[in-house]
Amino acid sequence: MRISEQAKQENRSRILDKAAEIFNSKGFEDSTTRDIALAAGLAAGTLFNYFPSKETLAMTMVSEALVQGREDYLRRCTGREELAEELFLFVASGLRRLRPLRPFLGPVLERSLSPFPRKNVCQEGETARQEHLAAVQSILARHGFTEAPDYVAMTMYWSLYLGILAFWSNDTSPNQEASQALIDYSIRMFVQLISGSGADKGEADAS
Amino acid sequence: MQVEDGRDTETLQMEMLLDALPKGSATDPASLALARLITNISNKKVPVSSFSRIWTLGSLQARVSAGYFAYWLRSRFSDAENKQRLKSEAHLAAALKLFGTMGYMRGAVMKVGQLLANLPEVVPEEFAEVLSALHFEAPPMHFAMVREVFLDEFGREPEELFASFDRQAFAAASLGQVHRARLHSGEEVAVKIQYPGIAHTIKADLRNLRLLLQPLCLTIDWQDTLAKLADIERMLLMETDYGQEAAYNRKARLVFNDADRIAVPLVHDQYSTRRVLTTEYLHGCHINDFLATDPGQGERDHFTRLLTVATYRLYYRLHWLPADPHPGNFIFMADGRLGMIDFGCTLTLSDEEWVFSNEAIQAALDKDLQGLNRAIARACRFDDPGDMEPDRLEVIRQGFYWFMEPWQQEGIFDFGDRAFFLRGIDNVIEATRKGYTRSLPMTLWSNRFTFGGRAFCYKLKGRCEFRKIFKQEAAGAAAKLT
């Protein structure tokens, strides 16, 4: 039976809503695509027409949240921010959109964004990574870094970002405020790294 | 070439450090090993090195502070056997390293280092300057971070909540920073915002510091150190609760009226949370700008009187010690009022502490030597004056006499008198050098309150009828009770 494009969109969106509910209540590991399909009123096999795996389903939610986060960042950015401040705004806006997914995010991010070589690369995760890094590069370009940072710098950025995500998804402080301090420090560290200013052990500030 | 330059600087700094560090230990007469340990730690690169306002034993002053701290700790295990010494040394190094990264204490530690480096020829001006730096700081926040705090606390951006909001902070505050803003009703306000997660950092640091120090000290004074560290942590954490500060602020407003000429800003509850505190903005300047206008003696005396009334009103009426002597907490207003802001570091005396505090003052006023000695023994955590070494009792008593001088003088008391202030400093230095530091934790804050207030008035070169004021305030509080 052929269904209309509108019905497809409605199914997709219902699957995502129900998946979020189920992931939140049972956790990512203990949820099955069958549970989700049932909750969405679909046959188990039909769900795979929309999302080939549980990982892709979860990572789609992450990608969509990150796209919204990027939109928020663009709306909130005044153009007067210094580099570290703008990067902070970008990362914090994304995390704010990811917040509703936080209870089940740890294993999803670990599987889909891990930098270690693995058999099945999650395409959604890879796309999210590339889009995130492209946004970072355009921020850097706006702050006078005319040449794109090399793979070493961007790999270091991505490691810091994954570290932030890992810490944040497990952060029990109110409003994840400990993560905010971590983002602040991590970004300052990255900016320091690509700016190439020498380590001063604090003397400059101490004087 | 650069390396050689670096080495030269290092050698020079080592020499300066050696010069400043205390001498005399039988095991290490030149303090050479200690200086090496400190230099070694401070020259280690750590990843946080370049963050603004996070220091890592970088400056000489900071190293000197750490040096004295280490010297004091070492003196506690100088007789220990070699194995124990080595173990203790490792703990000491780790403790110093941690101490050096506690950024919120950076300003205070550097200033203390500056003072210690100049011992014993400390001048009153320097001492006053150091006292003004004894507060806790947080790293500065850029505006993007401020916005995140607002979204978490209010669910709205600062620009949405206020009619206007300055992106740049105009002042540092206890564990945060202050921005100017305007309410939609048009009122100007000061908005204090706390650095996210600072309470967590403080708790973790102090827990680690205690663990690292644990094996070093097994003496009775160790319990004293633990009690003081616990009290410092309690006060620091209290400073992180802006809700509590707002409550103090509201209470303080109630004890002054228009005739007092003392302004405590109004708290705007709707714009305040545990992490954000919004109060009325008081127009005026701080002490340095006030002094730059070359005020006459009359003006200096006027503000000295107001400061005395303000602090002793809080003491007698509310049993508070405003324990943060930072000059930024007092505003010289153009209309002649004195503004009091920031009640984050306010110690409320327990009933027992309140009675004890006044017994000591009364004994001194009555010239009751035995009563005073008993009070001193208790303050120094001894059961009886007879348990104290006579010299310890004498030194602490001299300090208390100094504290009581203004209370006992009829008429005008001149807080700008250099000789008077210097006597107080000499006493503190003597007590510290002789190791007579064991005391009840509350004395940390009462000393900070006394020295902070006196340093402020010394800087102001102000005078007032102190005895008359304290009697009025004590009588006013008693009348309120009946």
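Analyst: Let's start with a term: a salt bridge is a side-chain nitrogen of Lys or Arg within 4 Å of a carboxyl oxygen of Asp or Glu. This is a predicted model, where local features need pLDDT of at least 70 and side-chain atom pairs count only at pLDDT 80 or more, while totals for chains, interfaces and linings use all residues. Residues are numbered from 1 along each chain as its sequence is written, chains are lettered from A and ligands numbered from 1 in the order written, and side-chain values use heavy atoms, leaving out hydrogens and water.

User: Okay, which residue does Arg397(B) meet in a salt bridge?

Analyst: Glu394(B), at 2.5 Å from N to O. Both sit in helix α16 of chain B (residues 390-408), three residues apart, about one turn of the helix. Helices here are DSSP runs (H or I, at least four residues), strands likewise (E, at least two), numbered from the N terminus.

User: Is Arg397(B) buried or exposed?

Analyst: Check relative accessible area with a 1.4 Å probe, protein chains only: buried is under 20%, exposed over 50%, and partly exposed in between. Arg397(B) has 13% relative accessibility, so it counts as buried, whereas Glu394(B), at 30%, is partly exposed. Elsewhere, salt bridges with shared partners tie Arg76(A), Glu81(A), Arg96(A), Arg99(A), Arg147(B), Glu148(B), Asp152(B) and Glu157(B) into one network. Over all chains, the search turns up 41 salt bridges.

User: What about the pair Arg97(A) and Asp72(A)?

Analyst: Their side chains form a salt bridge too, 2.6 Å from N to O. That one connects distant parts of the chain, with Arg97(A) in helix α5 (residues 83-98) and Asp72(A) in helix α4 (residues 54-76) of chain A, 25 residues apart. Asp72(A) is buried because its relative accessible area is 12%; Arg97(A), at 35%, is partly exposed.

User: How many helices and strands does chain A have?

Analyst: Ten helices and zero strands. Its C-alpha atoms fill a box of roughly 70 × 35 × 35 Å along the principal axes, and 47% of its 207 residues count as buried.

User: And where do the domains of chain A fall?

Analyst: Bounds like these come from an automatic or database domain assignment. For chain A it gives domain 1 (1-51) and domain 2 (53-197). Thirteen residues of domain 1 of chain A are in contact (heavy atoms within 4.5 Å) with 15 residues of domain 2 of chain A. Between them the two domains bury about 1300 Å², 72% of it on carbon and sulfur atoms. On the domain 1 side, Phe23(A), Phe28(A) and Phe51(A) lose the most area, together 47% of what that side buries. Buried area means the accessible area (1.4 Å probe) two parts lose on being put together, summed over both.

User: What is the count of salt bridges between domain 1 of chain A and domain 2 of chain A?

Analyst: Two. Also in chain A, Glu64(A) pairs with Arg12(A) in a salt bridge, the closest N and O atoms lying 3.1 Å apart. Helices α1 (5-26) and α2 (33-39) of chain A each supply at least two residues of the domain 1 side that touches domain 2. The largest share of that side, seven residues, comes from α1(A).

User: One from chain B: which strand holds Gln177(B)?

Analyst: Strand β3 of chain B (residues 176-182). Gln177(B) counts as buried, at 6% relative accessibility. A polar atom of the Gln177(B) side chain lies 2.9 Å from the backbone nitrogen of Met141(B).

Notes: A polar contact is a pair of N or O atoms within 3.5 Å; within protein, one must be able to donate a hydrogen and the other to accept it, and residues adjacent in sequence count only if both atoms are side-chain atoms.
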